[in-house]
Amino acid sequence: MLKRLKLYWPAIFVGMIMTFVGLLRSLPQLLRGELPGNDDYMRLAVVRDWLKGQPFQDLTQYRLYPPEPLQSHWARLTDILMAIIIKPLSPIIGASAAELTALILIPTVLLFTLLFLIVAIARRLSSAEWMPLCAALMAGLCFPLVAQFSPGRIDHHGLQIVLALAALLCLLKSVDAEKWAIGAGLFCGIGLWVGIESLPWIGGLCAAISISWILSEDNARKRLFLFGISLFFSSALCLMSAYPAPQWIIPACDAHSSVYLLLMFGITLSMSISTAIDKIVTTPISRFTAIASFGLLACVLTLIIFPQCLHGPYAELDPRLEDIWLNNVAEAKPVLAFLQDDIITGIALLIVPILALIALATNVEKQSLKTQIFTQESSRTLWICLAFALLGGILQLRLMTFAGAFAAPLAASLMVWGVM
């Protein structure tokens with residue numbers, strides 16, 4: 001118990017400071033009934049409708065755009081977290097107070113979970129005494145990342161970041177025990193259900209476990225197989241629980257649907273076939289050729305079957321909505337376009353990934369680039385996830401917060417070096 005407390009006290013310490021500052025900033029607005037953003041208001045309306053009797057699988061927002069109401073693509077997972085607090089507390093303290101409790105408690109719990117995961121990941125990168133604290137502080141330095149966990153922020157982005165780090169930690173722990181690969185695939189499937197903006201980090205984890213197999217590292221064959229199977233079945237179960245049976249085969253480019261289930265099936269099949277021919281393809285080049293070919297084929301076949309998604313998740317959006325709405329959504333803009341509008345926030349998003357790159361370039365822990373990228377699997381996996389998140393962030397700003405979360409343990413080595 002004391003050992004675990006010693007490991008996680010930085011997460012508790014930094015989390016308490018962030019929570020205190022967040023409450024000072026947000027509590028007055030919450031008491032006036034104000035929430036951080038439009039999506040938070042919509043989330044609260046969705047939860048209220050569900051608690052008042054709207055079916056679990058019916059996500060239609062009947063008050064929005066009648067007579068053809070909005071068909072929401074949001075996952076119920078965040079609604080469940082809200083309901084766990086609101087439902088039992090409402091008869092005791094009233095509905096308004098119960099909602100206020102949920103608005104404060106859920107982002108706070110997710111914040112502490114985020115910091116615990118970052119500390120655990122950082123410890124797998126380095127045994128330096130100050131590594132956990134430095135990693136937690138680096139996460140706090142990425143202000144837009146922390147903003148996703150401010151009181152009242154009940155949109156699903158904070159939950160997605162936590163799922164991404166949970167999947168990453170499971171994949172790192174699978175080196176010691178293969179069963180953790182099941183957890184990694186499970187969190188990936190749930191992340192896809194919560195929002196398809198999870199695709200970049202899911203792709204990063206798929207690439208990371210595939211490279212481990214290509215390099216014939218410890219238990220890589222079994223880990224690759226377990227991860228792939230878990231990824232597909234968790235994706236399928238999430239889809240079946242989210243929608244009634246007639247909607248399972250309806251394609252949608254901007255939400256978890258048959259499009260992405262087919263893609264996950266193709267990726268799982270690629271991983272399974274690769275593990276089946278493990279004794280035939282024995283060199284890194286032949287293994288790379290095999291699994292890359294299977295994976296590329298899965299992507300190509302998905303786009304052939306669903307060509308409407310070739311131009312991205314918003315390809316089917318009404319052009320009028322694109323001009324009126326989408327072009328004015330900051331988080332959906334490319335990062336370069338956003339920098340022209342708000343360079344301060346843009347720099348805050350990029351500062352921790354930049355520090356991680358500086359740590360890599362300067363080798364502050366005296367590890368060669370070969371060790372960090374090729375030999376040390378935990379470091380390599382984190383760098384791959386960061387690279388995928390950065391590439392996604394170039395296209396859509398909202399993905400840069402994932403980059404900040406992945407970069408925090410890597411950038412922490414700069415601070416460790418400063419206190420050694």
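In this predicted model, the axes of helix α8 (residues 180-194) and α10 come within 7 Å and cross at roughly 35°. The crossing of these two helices is right-handed. The protein chain as a whole holds 18 helices and two strands, and 52% of its 420 residues are buried.

**Packing of α8 with α10**

- On the α8 side, the contact is formed by Ala181, Ile182, Ala184, Gly185, Leu186, Cys188, Gly189, Ile190, Leu192 and Trp193.
- Helix α10 contributes Arg223, Leu226, Phe227, Ser230, Leu231, Ser234, Ser235, Cys238 and Ala242.
- Sorted by class, the residues in the contact of α8 with α10 comprise 13 nonpolar, five polar and one charged.
- Ser234 belongs to α10, which spans residues 220-242.
- Ser234 counts as buried because its relative accessible area is 5%, under the 20% limit.

**Packing of α3 with α4**

- Helix α3 (residues 77-93) packs against helix α4 (residues 95-125) at an angle of about 145°, and their axes are 7 Å apart.
- The crossing of α3 and α4 is right-handed.
- From α3, the residues making the contact are Leu81, Met82, Ile85, Ile86, Leu89, Ser90 and Ile93.
- From α4, the contact draws on Ala95, Ala97, Ala98, Glu99, Thr101, Ala102, Leu103, Leu105 and Ile106.
- The contact of α3 with α4 consists of 13 nonpolar, two polar and one charged residues.

**The largest nonpolar core**

- The largest nonpolar core has 121 residues, of which Met82, Leu165, Leu168, Trp201, Leu205, Phe227 and Phe406 touch the most other members.
- Helix α4 gives the most to this core, supplying 15 residues.
- Setting aside residues up to four places away in sequence, Phe406 touches Ala164, Leu165, Leu168, Trp201, Leu382, Cys385, Leu386 and Ala389.

- Helix α5 (residues 131-141) is mostly covered, with nine of its eleven residues buried.
- Those buried residues are Met131, Pro132, Leu133, Cys134, Ala135, Ala136, Met138, Ala139 and Gly140.
- Ala408 is located in helix α18 (residues 400-419).
- Ala408 is classed as buried because its relative accessible area is 0%, under the 20% limit.
- Beyond residues up to four places away in sequence, Ala408 touches Ile118, Ala135, Met138, Ala139 and Val352.
- The C-alpha atoms of Ala408 and Ala139 are separated by 5.2 Å, although the two residues are 269 residues apart along the chain.

- Of the contacts between residues at least 6 apart in sequence, 71% join residues at least 24 apart.
- The accessible surface of the protein chain amounts to about 19900 Å², and 70% of this belongs to carbon and sulfur atoms.

Technical notes:
Residues are numbered from 1 along each chain as its sequence is written. This is a predicted model: local features need pLDDT of at least 70, side-chain atom pairs count only at pLDDT 80 or more; totals for chains, interfaces and linings use all residues. Side-chain values use heavy atoms; hydrogens and water are left out. Helices (H or I, at least four residues) and strands (E, at least two) are DSSP runs, numbered from the N terminus. Buried means under 20% relative accessible area, exposed over 50%, partly exposed in between (1.4 Å probe, protein chains only). Contact means heavy atoms within 4.5 Å. Accessible areas come from the Shrake-Rupley method with a 1.4 Å probe; for residues, only the protein chains shown count as cover. Axes are lines fitted to C-alpha atoms, for helices over the stretch in contact, and angles run from 0 to 180 degrees between N-to-C directions. A crossing is left-handed if the near helix is turned anticlockwise from the far one by less than a right angle, and right-handed if clockwise. Ala, Val, Leu, Ile, Met, Phe, Trp, Tyr, Cys and Pro count as nonpolar, Asp, Glu, Lys and Arg as charged, and the others, Gly among them, as polar. A nonpolar core is a set of buried Ala, Val, Leu, Ile, Met, Phe, Trp, Tyr and Cys residues joined through side-chain atoms within 4.5 Å.
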